[in-house]
Amino acid sequence: MERAGLHTGLRWKLSAAIALVAGLVAIALSLVVHNAARVSMLDNARDLANQRVQIAQRNYELNRRPNFPNVKVNDPDLPTALREKVENGRKASDVTDNGGIPDIWAAVPTKDGHVLSLHSHMPDRSTDVMKDLDQALVIGSVAVVFCGSALGVLIGGQLSRRLRKAAAAANQVAKGETDVRVREAIGGVVRDETDDLARAVDAMADALRQRLEAERRVTADIAHELRTPVTGLLTAAELLPPGRPTELVLDRAKAMRTLVEDVLEVARLDSASERAELQDIMLGDFIARRVAAKDPEVTVRVVHESAVTTDPRRLERVLFNLLANAARHGRPPIEVTVEGRVIRVRDHGPGFPEELLAEGPSRFRTGSMDRAGTGHGLGLTIAAGQARVLGARLTFRNVRPPGLPDGIPAEGAVAVLWLPEHAPTSTGSYPMLPLSGGAA
């Protein structure tokens, strides 16, 4: 069962990652530049304050007056730590924070034991420069994030397109289109990990195709070689004197001949050589006549008659296989309903096995004991293969009333054949990957 979750494209993941990294880098650089500029301006302001207070010191020593703006003698607001340094005969300066506004102090001692100090603030020009710098950093950071996101969308979009093309081509290969090459589907001249993945998928598909072809040839050769001795066995059995032993031998010989013919048909369907011979027929009338000739006890109901273009022989083969499967593994009554281009075959048995419903029919696997006590698992496999040649779709489901617990068997199985609305322009068989589960 597929796990539900949030599905996001590769381009948006890559774009978000690049935008996040670009944003973090931009913020870090902005903080570094802001602090460096602020420290540099404060250092310049401190140097200017020191120069001014030293000029005031020389004027004070000459005429006992500082004669300089904002310079005071023994200013009571002078910070205590700075005052103690000056009283020890040292020149000192400091920057304090006053509600987010830096206060710049510079102080020097005088020969008569007084303290000259200058109290100033960050120049208005420097404050304006810092504001302009911060604004430029914000704009630059936003631009970097935007450009990073655009770059991520561009790069991620290109990579996402290549991966989507590769996935679409791989799905075509999985459906049996053997001429599709993933590397050619993605295109491009740049070599990257996507090309490596495409080549690996192509190599895997080629190896699997060769293996399937080898298995098909071996199966076909074995079935073909068995055909002659089985026919001879059947002929010899018919010459035996009447009796129960002869009936048993004939029954087993006929079953073996049927199995050999089915195996040969599966091999032909897998060889990609089968083609439909199309004719125009009235579907409801065709189904009613064929079912009546095959088994008069089967009920046929034509809800809506429709003219279709299909291969009557292959359609009859699909229909008879579905009826045989219903008769062998289900319970009567068996009903066939024709509605337009849709054919439904229903029985009232225990239903299809869960493996078949999940994965489709598989050769030589007959599903659960409730529905497949006999058979070789080829009937529905052949029906599905012939449906593909017709360009049709064959689906399977069980009839379960709403609210019925899972442990209780279904009330019947329904096989639905959906014929194409228009005459198929490209019909034919193709090898399919073997699926597990199934019933026939």
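Colleague: How many cavities of 30 Å³ or more does the structure hold?

Modeller: Two, in this predicted model.

Colleague: How much space is in the largest cavity?

Modeller: The largest cavity holds about 50 Å³. It is lined by 11 residues, and those closest to its centre are L322, A326, V345, F352 and A415.

Colleague: Which elements give two or more residues to that lining?

Modeller: Helix α8, residues 312–329, and strand β11, residues 413–418.

Colleague: And how does the lining of the largest cavity divide by class?

Modeller: Eight residues are nonpolar, one is polar and two are charged.

Colleague: What volume does the second largest cavity have?

Modeller: About 30 Å³. Its lining consists of L315, V318, L319, L322, I343, V345 and L417. Two or more of these residues come from each of α8 and β9, the latter spanning 342–346.

Colleague: What classes are in the lining of the second largest cavity?

Modeller: Seven nonpolar residues, with no polar and no charged ones.

Colleague: Changing topic to α2. Which of its residues are buried?

Modeller: In α2, residues 80–87, the buried ones are L82, R83 and V86. Viewed down the helix axis they fall within an arc of 100°, so they line one face of α2.

Colleague: Why would residues three or four places apart point the same way?

Modeller: Because an α-helix has 3.6 residues a turn.

Colleague: What does the face of α2 turned away from the buried side carry?

Modeller: The exposed residues T80 and A81.

Colleague: And which residue just after α2 takes a positive phi?

Modeller: G89, with a phi of about 90°.

Terms used
Residues numbered from 1 in each chain as written. Predicted model: local features only at pLDDT ≥ 70, side-chain atom pairs only at ≥ 80, totals over all residues. Heavy atoms only, no water. Buried < 20%, exposed > 50% of the residue type's maximum accessible area, 1.4 Å probe, protein only. Helix = DSSP H or I, 4+ residues; strand = E, 2+ residues; numbered from the N terminus. Arc of directions from axis to C-beta. 1 Å grid on protein atoms, 1.4 Å probe; cavity = no way out; pocket = protein on both sides within 12 Å on 5 of 7 lines; lining within 4 Å. Points joined across faces, edges and corners; volume = space filled by probe spheres on them. Nonpolar A, V, L, I, M, F, W, Y, C, P; charged D, E, K, R; others polar.
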